[in-house]
Structures are given as structure tokens and as C-alpha cells.
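Please walk through this structure with me in the viewer, one selection at a time. Each stop says what to select and what is there.

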Amino acid sequence: MAVLIYLVPAALILGGLGLAAFLWSLKSGQYDDMEGAAQRILFDDDEMENPPPPKRDAEKKD
Amino acid sequence: MNETAASEAGSGQGTDREKAAGPKAGRVDPSLFVRKTSEGLAQIDLVVQDMHCAGCLRKVERGLNELPGVEYARANLSTKRVAVRWQPAQLKPADIVEKLADTGFEAVPFDPKLLSALDETEERRLLRALGVAGFAAANVMLISVGVWAGLASDMELSTRAFFYWISALIALPAIAYAGQPFFRSALRALRARTMNMDVPISLAVLLATGMSLIQTIVNASHVYFDASVTLLFFLLIGRYLDVQARAKACSAAQNLLGLRAMAATVIGPDGTQHSVPVENLEPGMKVSVASGTRIPADGEVLTGRADIDTSLVTGESVPTAVAPGSKVFAGTLNISAPLTLRVTKRDDDSLLAEIVRLMESAEQGRAGYVRLADRAARIYAPAVHILAAATLALWFALGAGWETAFTHAIAVLIVTCPCALGLAVPVVQVVATGRLLKHGVLVKASDGLEKLADADTIVFDKTGTLTLGEPELVSSGEAGPAEIALAVALARQSRHPLARALAAHGADIAAPALSDIHEVPGMGMEAVLDGETVRLGNRNFTGTAGEASSHAGPELWLAKGRETPRQFRFADRARSDAAETIDRLTREGFAIELLSGDREEVVRELADKLNIADWRAEARPDEKIARLEELRAQGRKVLMVGDGLNDAPALRAAHVSMSPSSAADVSQTAADFIFQGADLKPIVETIRIARGARRLVVQNFGLALVYNAIAVPLAVAGYVTPLIAAIAMSSSSITVTLNAVRLNWRRID
């Protein structure tokens with residue numbers, strides 16, 4: 001059962017990392033706009049620097 | 001811009017009316033709402049109601065980032081607000097609003113004072129507690145599974161002790177942190193000498209943890225760390241969802257109010273004009289009120305003549321004419337001509353102060369309501385505690401040792417811990433609130449749904465609630481087609497609501513060509529046709545002598561040369577589904593009453609039309625409250641539906657209340673529900689959903705009791721192992737949650 005000496009702390013550290021990540025994401029405001037976050041993945045970062053013709057926006061709006 | 005206004009047609013009649021009066025009319029100076037950040041940047045929050053998709057989001061953000069000096073622009077799609085930070089030296093706030101208007105989005109500055117900082121931190125605190133509880137629950141459960149497996153095989157006592165100690169190390173801090181929302185609320189309740197659901201919850205959690213700690217120290221066989229941590233985790237989920245759903249509805253309600261944020265144009269002693277926030281107005285200031293805007297403060301007219309639409313304040317549907325010297329009230333709408341006022345606000349006898357006083361006293365009548373869950377707790381908690389005491393006594397009487405007796409008694413407390421009861425209400429609440437939000441109904445009060453399900457009487461206000469607060473031409477009297485065409489031609493040139501109604505009526509009539517058309521403020525329109533003066537306006541203006549009229553509503557007169565003036569009669573238009581809604585509510589067994597501040601003839605006419613037998617007219621705000629008290633004394637539970645400032649005290653005095661989104665700010669704040677759109681149908685839907693929700697809550701209580709009925713005998717008999725406790729709690733919580741979700745599938749028609 002000596003293996004528990006390693007395994008239990010390992011499990012706790014992994015869990016703790018997850019908790020820390022969650023608390024960090026909460027602090028940095030990632031849960032403030034759930035709907036926006038879902039839509040933002042549709043952004044194409046390249047287009048931000050190279051604005052497309054306005055026509056495409058009009059299509060997207062529908 | 002007009003397209004934006006049109007696409008917002010659902011957001012309420014009042015807003016449309018104001019918008020139609022002129023796109024720029026009443027637009028607020030955004031510089032009043034700018035804050036300074038610690039880095040020396042300027043920040044403003046804007047409400048952009050039309051953002052719905054990724055495309056809009058990007059257009060808004062990209063448009064703002066193109067502006068010089070903008071350092072940060074972030075749109076929030078959930079709250080429909082945009083936060084902008086910029087170098088104040090490089091950019092004026094008005095340019096930001098202008099830029100968004102160019103991009104096709106109407107932006108309104110959001111008053112930071114409305115920001116509910118409180119709700120946001122509460123949400124975050126719960127989420128943090130939820131994270132901690134989730135971490136602890138997962139890890140303690142992991143270890144518990146090992147122990148349960150060890151029960152079947154052979155686990156050394158030292159290994160089990162090791163596992164228990166680790167569980168304790170994880171669980172104790174986690175419970176101390178994540179349990180706080182419940183402990184605090186329980187303490188508050190106990191201090192107030194009342195009982196709520198959090199009292200038995202906290203007690204069970206603390207006892208389970210305390211007993212487990214002792215068991216761990218003496219290396220006994222049963223610890224309940226897993227049960228208490230998972231319990232907290234489930235309860236926090238319910239609590240978080242509840243807070244979030246309400247925060248969402250409240251933020252939508254705040255946006256509605258923000259859309260009407262108002263600034264006043266003050267005329268300085270040197271004649272210069274500048275904008276100030278309405279609350280900074282001081283008595284004695286001179287204020288200019290453009291036509292089509294709301295009057296910012298109680299005051300006295302200095303110059304100008306105009307018609308004032310007071311429907312939102314007094315419920316009166318006919319505009320009143322004011323002249324220099326007349327008193328005007330804050331919140332009324334100037335519909336015809338520019339005015340200059342001297343502010344007299346802050347007087348204790350101002351209308352608003354009176355309303356607020358009445359509201360405060362009405363409030364006290366409401367405080368007695370106890371929520372369903374807390375009522376259940378009042379019966380449940382003593383029952384459970386007596387049961388635990390009985391168990392203790394029983395085992396002691398049977399000759400068991402103190403330790404065994406205590407263990408079994410605490411086990412009773414643990415399995416009866418109202419986990420499912422704690423979830424029974426919030427989960428249903430969340431589902432119902434979300435569903436109503438989709439229908440355009442905002443649930444503002446946390447106990448609103450419960451109270452609405454109790455209602456058996458509905459009291460309606462008239463103007464702006466059953467009616468749209470917009471006049472409609474009902475009769476053109478003895479006027480011939482040529483005269484109607486003439487009247488329409490004159491009416492087309494005016495923005496007065498009666499003229500607009502007349503113009504709308506004759507939209508496809510070919511009008512004669514008139515020359516020299518002009519508006520005489522507070523009187524009517526004047527023009528020349530074939531050398532003859534024609535006038536469209538009020539009685540005096542058209543030379544109609546004091547001839548009594550049988551018509552109660554608003555009227556216009558047309559005078560052409562020396563001919564007899566012709567009368568056009570108007571009436572406030574009922575909402576399109578008013579009759580149908582009243583009929584349906586009556587059939588469902590509600591007693592319907594009409595309680596209006598308007599004149600008797602008008603109220604009687606509408607009551608007859610809508611088949612409302614019970615009506616009262618010319619009711620002042622205190623008389624409305626008196627009537628509600630009377631109904632309460634008869635044991636009725638009243639739902640009050642109203643929109644005017646004069647309804648606000650009544651909205652507070654009623655058991656539960658609803659307001660259309662076009663209502664006065666004070667009334668929206670006072671109401672428990674706000675419904676959007678031009679229909680009354682949401683009232684019926686909200687009542688249905690509220691009743692469905694109550695049914696589900698009761699079912700959930702039933703389900704939780706069934707679980708207890710099975711688990712309690714086991715606990716009393718001393719058979720509750722940690723495994724049984726964990727299974728009983730989790731499965732009852734999940735059953736209750738699934739049952740609540742059924743509300744989403746229920747059809748409404």
C-alpha cells in the first residue's frame with residue numbers, strides 16, 4: 001500500500017491544478033459573458049487586421 | 001436610424017412613441033455618464049439592444065476600435081452592454097455614440113449608478129464556492145469509493161484511517177469556505193427568530209462534518225465527509241443558477257430603464273445651454289424642454305404653450321394644455337411645442353414625493369409573506385429534530401451506549417438533510433424564469449412566481465395597460481369627405497398625437513393643397529385654403545362656443561371660414577388582445593376589476609367594451625391602495641397590472657404586480673414582473689407558468705419526502721452507512737432537478 005503515498009498526493013495535486021485554473025478563469029472574467037464567448041469563436045482573427053468588404057457582415061447579420 | 005427604431009417595436013409602446021417623435025429627441029448627452037479609470041482613461045458603458053450575433057459583436061467592437069484614442073472596447077452579448085475606455089484628450093463621448101449610430105446600432109449610455117455591483121459579486125462568490133465544493137466533492141468521493149471497495153475486500157485499519165484523515169483534510173476547509181452562503185443565511189434567519197431552509201441544511205452539514213471528524217479521530221467505521229461535501233456541491237449549483245437567472249432578468253430590466261436615461265437642458269443665467277443629469281437639477285433652475293421629450297422635473301411653465309400627455313402620471317388619457325404659470329410634473333410628455341420651465345422639484349409636496357411616501361407605507365403590508373420553501377422548513381425542521389431526539393431516546397432506552405445512540409441520531413439528521421428540498425424551489429424557479437425571459441417577461445422578484453400562482457383577483461389600470469395610451473379616430477361627426485380631406489391635410493403637418501391619429505386614419509386620402517400652414521402651440525394648426533382661413537385644433541381655437549359634448553374622450557375641431565366647426569372624436573385604443581385576454585382570465589375564474597385614474601365616462605366605455613363589470617374611475621393613488629386593502633381584507637390575493645406613476649403605490653401594495661415595459665420608471669421598479677410588447681397575452685402565459693411552477697415545486701417536495709420516508713426508518717434502525725446516505729442524497733437531488741426541467745416541455749396555449 002506504499003504506492004498510496006505517491007498516488008494520493010498526485011491525485012490531489014491534479015485536482016488542485018484544476019481548481020486553480022477554474023478560480024483563475026473566474027477571476028479573469030471569463031464567465032461574465034457566456035453568450036458572447038460562444039459567438040466569439042466565429043471571429044476570424046486575420047479578418048480583424050484585413051477588414052473584409054462590408055457585404056459579408058450584412059450576410060452574417062441574418 | 002428609423003430601421004433601428006422599427007426593429008425595436010417589441011420593446012414597448014411608450015419607447016416607440018418617443019422615438020417616433022424625432023430620432024434625436026431626448027437623446028442623452030453621453031458625457032454625463034463617463035467615469036474616470038485609475039489609469040486616467042475615460043470609461044463609459046453603453047446599452048446596445050440590437051446586438052444579437054457574432055456579426056453585430058464584431059461590427060461594434062471593430063467600429064469602436066477604429067476611433068482614435070480608444071484603448072479598449074468590449075461588447076457583452078449576455079447583458080447587451082459595451083464597455084469603452086479611451087484617452088479623454090483624443091475623443092469626445094458623443095463621437096462614440098455617433099460612430100455606433102453610423103454602424104447601425106443605437107447606443108444609449110448606461111447609468112453606472114444602476115450597475116448592481118452587488119449581484120455580480122454574489123454570483124462570483126457562489127461560483128468560487130461552487131468550484132471549491134466541486135473539487136472537494138470529487139476528491140473525497142474518489143477516496144470514499146476506495147473505502148467502500150475496501151469494505152467488501154479486506155482493507156487494513158491503518159489504510160482506512162489514512163483515507164479518512166485525507167478526506168478530513170480536504171473536506172474541512174472546503175466546507176468552511178463553500179458552506180458560508182448557507183451558514184450566513186441560517187444565522188440571519190435564527191437571529192430574526194424565524195426558520196428557513198438553510199437552518200436544517202447548515203445543521204445537517206455541520207453535524208455530519210463534526211461527527212465524521214470525531215469518528216476519524218477515534219478511527220470508527222463510518223464517516224460522512226463525502227455526504228456533506230456533495231450535499232453542498234448540489235445545493236450550490238441550485239443557488240448559483242437561481243441567482244444567475246434573476247441577475248439576467250434584472251440586468252434586462254435595468255437596460256429598459258437605461259434606454260430612457262434622461263438629461264435636462266439647463267439654461268444658465270447668461271443664456272447658455274448645457275446638459276445635466278436629471279438628479280442634479282436644483283429648484284430655481286431654468287430648463288428647456290423640447291417638444292417630444294419628457295419633462296425632467298416638477299416645475300412651473302415660464303414661456304411657451306404646449307399640450308402635455310400626462311397618461312403615465314395620472315392615467316388621464318386626454319392631453320392637457322399648459323401655458324405660462326401652469327404646473328407640470330416630472331415624467332409627463334411634452335407633445336407639441338418647446339417650453340421653458342422653472343424647476344420647483346424637491347418640494348415635499350411634489351407629486352413624486354407623495355408617490356414615494358405612499359409606496360413606502362404600502363410596502364409594509366407586503367413584508368409578511370413567507371416563501372413556500374421557508375414555510376416547508378418551519379414544519380420540516382422541528383419534525384426532523386424531534387425524530388432525531390426520539391431516535392436518541394429510543395436507542396438509549398434499548399440499552400445501547402451513548403456513542404451508538406448519538407451516532408444513529410446524527411445519521412437520522414444527515415439522511416433527512418433537506419438537500420432535495422433546498423433544490424426543489426430554486427431549480428423550478430430557474431427553469432420558469434428562463435422560459436419567461438424567452439417570452440419577453442422579466443421576473444424581478446424572487447418570490448414573484450410563488451405569489452402569482454396564489455393570485456385570484458386581477459386589478460387592471462386603464463391607460464397604458466389595457467389601452468395603448470394612443471388615441472384613435474372613432475367618429476368624424478357630420479364632417480363630409482371634403483372636410484375630412486381638409487382636416488387630414490392639416491393634421492399631416494403636426495406631431496400632436498390627435499393629429500397623427502387623424503393623419504393615420506386618412507393616410508390614403510388625397511388632400512387639398514394648403515398654403516401658409518403653421519402650428520399655433522397649444523391651440524392647433526392654421527392654414528389658408530382658397531383665401532379662407534382653416535383651423536384644426538381645440539374648441540377655443542376654432543371658435544366653438546361652450547356647446548356641451550356627450551363625448552368624454554379627446555376631440556379636435558375643424559373650422560373653415562364661417563362654416564359651423566366640425567368635431568372629430570378620438571378614443572384611447574385598447575390593446576389588440578385586451579378583450580380576448582380579459583375573457584380568458586374571467587373563464588379561468590379570476591375576478592377582474594378596472595381601477596383607473598381617468599374620467600368616469602371614458603372608463604365606463606372601456607369597461608363595457610371589455611365586459612368588465614367591476615370598475616372604478618377617478619381613483620387617486622391613495623384610493624387605489626385603499627381599494628387593494630379592501631380586497632385583501634376580503635381574503636383576496638390581488639395581481640395588480642399597471643403602468644403609471646399613479647399606479648406605483650398600488651403595485652407595491654398588491655400581493656403581486658406586473659408592469660408593461662412602457663411603464664413609468666418608478667412603476668417598473670415597483671413591479672414584480674415586467675412584460676414587453678404590445679399584447680396582454682404575456683399576462684396569461686406568466687400566470688400559467690407560475691402555476692405550473694408551483695405544481696412542480698409541490699411535486700418536488702413530495703419526491704423529497706418519499707426519499708426521506710424510505711431513508712428515515714433505515715437511519716432510525718441504525719442501518720445508514722455512508723454509502724446509503726450518499727446514494728439517497730444524490731438520487732433525490734437528481735430526481736428533483738429532472739422533474740423541474742419538465743416545465744420546459746409543457747405546452748402553453
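A residue counts as buried if 20 or more other C-beta atoms lie within 10 Å of its own, with C-beta atoms placed from the backbone. Keep that cut-off at hand for the first and last stops. The model is predicted.

**Chain A**

Select chain A and colour it by secondary structure. There are four helices and zero strands in the chain, and from the N terminus on its elements run α-α-α-α. Of the 62 residues of chain A, 0% count as buried.

**The contact between the chains**

Now show both chains and select the residues that touch across them. Chain A gives 24 residues to the contact and chain B gives 23 residues. On the chain B side, the elements with two or more residues in the contact are α3 (54-66), β3 (70-76), α5 (117-152) and α6 (157-178). Of these, α5(B) provides the largest share, nine residues. Colour the chain B side by residue class: twelve are nonpolar, six polar and five charged.

**The three-stranded sheet of chain B**

Next, select β11, β10 and β13 of chain B. In that order they form an open sheet with antiparallel pairing. Strands β11 (320-322) and β13 (333-334) of chain B are at the edges with a single partner strand each, so one side of each has no neighbour in the sheet. Residues 306-309 of chain B are strand β10, which pairs with β13(B) in the antiparallel sense over two bridges. Within this pair, D309(B) faces L333(B) of β13(B).

**Q567(B)**

For the last stop, centre on Q567(B), in strand β22 (residues 566-574) of chain B. Is Q567(B) buried or exposed? Q567(B) is buried, because 20 other C-beta atoms lie within 10 Å. Leaving aside residues up to four places away in sequence, Q567(B) touches G477(B), E555(B) and W557(B). To finish, draw a C-alpha to C-alpha distance from Q567(B) to D622(B): the two are 36 Å apart in space and 55 residues apart in sequence.

Terms used:
Residues are numbered from 1 along each chain as its sequence is written. Chains are lettered from A and ligands numbered from 1 in the order in which they are written. This is a predicted model: local features need pLDDT of at least 70, side-chain atom pairs count only at pLDDT 80 or more; totals for chains, interfaces and linings use all residues. Two residues are in contact if their C-beta atoms, placed from the backbone, lie within 7 Å. Ala, Val, Leu, Ile, Met, Phe, Trp, Tyr, Cys and Pro count as nonpolar, Asp, Glu, Lys and Arg as charged, and the others, Gly among them, as polar. Two strands pair if DSSP finds at least two bridges between them. A residue is buried if 20 or more other C-beta atoms lie within 10 Å of its own, exposed if 12 or fewer, and partly exposed in between; C-beta atoms are placed from the backbone.
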